[in-house]
Amino acid sequence: VAYALLLLLKRCFPKAAGPSLLTVTRKQIACIAGTTVETCIRTIKQFEHEGLVRIPHLRSVEVMKPGALLEVAA
């Protein structure tokens, strides 16, 4: 899931350094990550709890710390 978010971030915001808002559904993230929607939701909630992402709206994810997310993906 972390890798999928980073992939989307790179495609939508190739030169972004700070927080970036991705307009994407949990189902789309799950398809990219190759997991179920339920697992994707739980993982994103965990990332939110850790401060890596923020969920401002239903169909969006804001990546707050791309560097820390990269560490999780590695």
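Colleague: In which strand is Glu62 found?

Modeller: This is a predicted model, where local features need pLDDT of at least 70, side-chain atom pairs count only at pLDDT 80 or more, and totals for chains, interfaces and linings use all residues. Residues are numbered from 1 along each chain as its sequence is written, and side-chain values use heavy atoms, leaving out hydrogens and water. Strands here are DSSP runs of E with at least two residues, and helices are runs of H or I with at least four, both numbered from the N terminus. Residues 61–63 form the strand that holds Glu62, namely β3.

Colleague: Thanks! Does Glu62 count as buried or exposed?

Modeller: Buried means under 20% relative accessible area, exposed over 50%, and partly exposed in between, using a 1.4 Å probe and protein chains only. Because Glu62 has 14% relative accessibility, the residue counts as buried.

Colleague: Which side chain makes a polar contact with the side chain of Glu62?

Modeller: A polar contact is a pair of N or O atoms within 3.5 Å; within protein, one must be able to donate a hydrogen and the other to accept it, and residues adjacent in sequence count only if both atoms are side-chain atoms. For Glu62, the pair lies at 2.7 Å, and the partner is Arg54.

Colleague: What share of the 74 residues is buried?

Modeller: Glu62 is among the residues that count as buried. Across the protein, the buried share is 30%.
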